[in-house]
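Good morning, everyone, and thank you for making the time.

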Amino acid sequence: MTVSNGAIPDDVTTPHDSTPPHPHDETMPDWEKRFRAPRVSLPDWAEDAPHRSLFVSNATGTYELYAWDRATGAQRQVTDRPNGTTDGVLSPDGEWVWWFDDKDGDEFGIWRRQPFAAGDASAGPDEAAAPGLAPSYPAGLALARDGRTAIVGRSTDEDGTTVFVTRTGEDPVEIYRHRESAGVGDLSHDGSLIAIEHTEHGDAMHSALRVLRMDGSAVAELDDTKGGTVELGLEVLGFAPVDGDTRLLVGHQRRGRWEPMVWDVASGEETDLALTEELEGDLSAEWYPDGSALLVAHSYEARSELWRYDLTSRRLERIRTPKGTVSGATARPDGTVEYLWSSAALPPVIRSTSGQVVLEPPGMKSPGSVSVEDVWVTGPGGSIHALVQRPEGEGPFPTVFDIHGGPTWHDSDSFAAGPAAWVDHGYMVIRINYRGSTGYGREWTDALKHRVGLIELEDIAAVREWAVTSGGADPDRLILTGGSWGGYLTLLGLGTQPDLWSLGIAAVPVADYVTAYHDEMEALKAMDRTLLGGTPEEVPERFEASSPLTYVDAVKVPVHISAGVNDPRCPIRQVENYVTRLAARGAVHEVYRYDAGHGSLVVDERIKQVRLELDFAARHLGK
């Protein structure tokens with residue numbers, strides 16, 4: 001997801017306060033400081049050189065990759081591109097940084113690499129990491145410990161998914177090909193076995209697993225989609241980090257939620273960890289470096305925590321973390337655990353179980369925000385969890401219903417600069433984990449099939465009703481907004497629920513579902529076929545029922561749309577189709593097109609977009 005700045009087109013009204021203050025200007029509002037304050041991701045570390053790490057930071061104003069030598073304390077910027085870079089991998093020997101090079105955020109490109117110890121990024125000796133492979137969408141990457149072998153997953157409209165073994169100085173060798181979506185999961189510690197996730201059965205929401213040798217011959221298959229009326233998914237969590245060890249850590253849904261198990265791909269033995277009775281909610285895991293235990297990540301009701309599971313004693317031990325969300329965690333060779341934590345009120349910090357802050361970004365510190373309140377609302381499909389942030393003062397408040405993307409994702413009690421900006425301006429913010437969201441069981445996630453978009457909007461409407469009748473939300477000042485799938489639900493909601501909303505703000509949305517299907521990347525075509533039960537030609541009535549374009553003439557309220565002209569996920573042509581229909585009947589709307597893809601890694605660009613959204617709401621709602 002790499003993007004760049006874009007000029008404001010003629011059909012966008014520039015807000016009166018659009019000139020940004022200098023980063024060190026004391027008059028800079030808190031909402032802008034939250035975007036500008038430098039952040040760092042959880043550092044990834046090299047398996048055979050754990051003192052070498054790779055992380056992402058926005059310290060320069062654009063998210064880029066950084067190398068960190070913990071032994072010396074030295075840090076350096078690895079990539080330096082106008083659109084930013086976040087997709088990077090450190091080789092197990094710590095000698096190479098691989099990064100994905102696309103064009104203007106279109107997600108279509110090649111892997112490049114440079115030595116970990118290279119000089120300044122502007123003169124870094126970047127080279128094609130997998131010569132002989134044409135540009136594609138990425139479909140997973142696994143690097144071997146020998147420093148010269150890589151397993152590269154690729155996706156194109158012409159070929160579907162292909163997987164290649166590449167070795168330095170040799171031509172790439174194809175070991176897998178299929179029209180449906182797939183991806184590289186992991187490579188065994190000794191470099192002899194490759195685990196892939198695939199959807200050859202045609203259900204892009206539920207993967208099966210296959211383990212291959214380096215020549216492409218099959219070793220084992222695990223498929224929970226066969227023989228039942230309910231299809232279940234599997235995911236690769238990683239091979240045991242021990243030479244000759246054929247155990248693969250796998251995520252499964254056999255008991256109605258995600259949880260880990262150990263699968264020995266050589267013997268076929270499956271070891272159930274039996275964590276269901278002790279922990280509710282979804283579970284994921286990764287190996288401790290010696291293979292004796294698992295670091296378990298537990299997600300439940302929009303918050304998360306960590307546990308250590310000893311594989312010999314089968315004992316769970318709680319790793320103490322504050323209440324909030326752990327966005328990533330890793331077990332280090334010395335037995336400590338490093339994790340990235342935040343809450344809605346407190347900005348992210350990387351901590352260690354040793355009690356230390358692991359990596360602190362330089363410069364300005366981000367202001368905090370308002371804690372979330374948990375609300376449970378009875379909806380047509382069950383109890384709906386919503387997270388509410390209230391501004392100072394007495395309600396009813398103008399209210400923003402900020403809808404998450406995905407759709408298979410969820411909002412959590414974690415720090416987010418966007419919602420905090422609305423709260424600073426006096427709005428109540430409500431985020432909703434509608435049906436389709438993860439973290440509430442498999443049935444809740446899978447419920448959106450076929451009546452796509454309409455199911456989610458039923459839940460959103462139920463929470464809206466609670467917000468108004470409880471006296472918290474002003475019924476005359478209700479904003480429906482979101483990005484990506486949230487932008488799609490925004491436009492669909494404005495057309496199918498025209499009397500419920502006062503304003504709509506959609507970022508990088510699906511606006512015309514049929515055109516979006518034909519223009520989007522192949523992996524998303526597969527997901528749409530799964531969600532809707534076929535192609536637009538096979539199930540035209542479902543695409544029509546779920547497309548915002550179908551209902552565009554029913555939209556009554558002002559609409560603001562932002563879109564990246566190079567977006568491969570929500571392509572620009574289908575947005576233009578929707579905007580043309582709005583313009584044809586003189587509907588109040590504004591469009592901001594920027595020369596980028598599905599979002600922005602440039603801080604100034606993101607601030608510009610939020611400023612446009614705040615100004616649009618102020619002008620049309622009088623706030």
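This is a predicted model: local features need pLDDT of at least 70, side-chain atom pairs count only at pLDDT 80 or more; totals for chains, interfaces and linings use all residues.

Let me begin with a helix and what lies around it: the buried residues of helix H7 pack against strand E10 (149–156), helix H5, helix H6 (513–519) and helix H8 (540–546). Packing here rests on contact, which is defined as heavy atoms within 4.5 Å, and buried means under 20% relative accessible area, while exposed means over 50% and partly exposed is what lies in between, using a 1.4 Å probe and protein chains only.

Residues are numbered from 1 along each chain as its sequence is written, and side-chain values use heavy atoms, with hydrogens and water left out.

Staying with H7, which covers residues 522–532, we find that eight of its eleven residues are buried, so that the helix counts as mostly covered by the definition I gave. Among those buried residues are the charged Glu522, Lys525, Asp528 and Arg529, and Leu531 and Leu532 also belong to the list. Directly after H7 comes Gly533, whose phi is positive, near 85 degrees.

Now let us step back to the whole protein. It has ten helices and 35 strands, and its C-alpha trace spans about 65 × 60 × 50 Å along the principal axes. A compact globule of 623 residues would have a radius of gyration near 25 Å, and the 24 Å of this protein agrees with that; the radius is taken over C-alpha atoms, and the globule rule is 2.2 Å times the number of residues to the power 0.38. Of the 623 residues, 59% count as buried, and of the contacts with a separation of 6 or more, 56% are between residues 24 or more positions apart.

Which strands pair with E31? Strand E31, residues 428–433, pairs with E29 in the antiparallel sense over five bridges, and three bridges join E31 to E30, with which E31 runs parallel; two strands are said to pair if DSSP finds at least two bridges between them.

The peptide bond from Gly395 to Pro396 is cis, with omega near 5 degrees, and Pro396 lies in the loop between E29 (382–389) and E30 (397–403). Another cis bond joins Gly406 and Pro407, with omega about 5 degrees, and Pro407 is in the loop between E30 and helix H2 (417–424).

Glu301 sits in the loop between strands E22 (293–300) and E23 (303–310), and it counts as partly exposed because its relative accessibility is 29%. Ser484 is in the loop between strand E32 (473–483) and H5 (485–496).

Finally, is Val250 buried or exposed? Val250, in strand E18 (residues 247–252), is buried, because its relative accessibility is 0%. Leaving aside neighbours within four places in sequence, Val250 is in contact with several residues, including Leu209, Leu222, Pro260 and Trp263. Gln114, in strand E7 (residues 109–115), is also buried, with a relative accessible area of 0%, and its contacts beyond four places in sequence include Arg76, Trp96 and Pro125. Between the C-alpha atoms of Gln114 and Thr79 there are 9.5 Å in space, although 35 residues separate the two in sequence.

Key: Helices (H or I, at least four residues) and strands (E, at least two) are DSSP runs, numbered from the N terminus.
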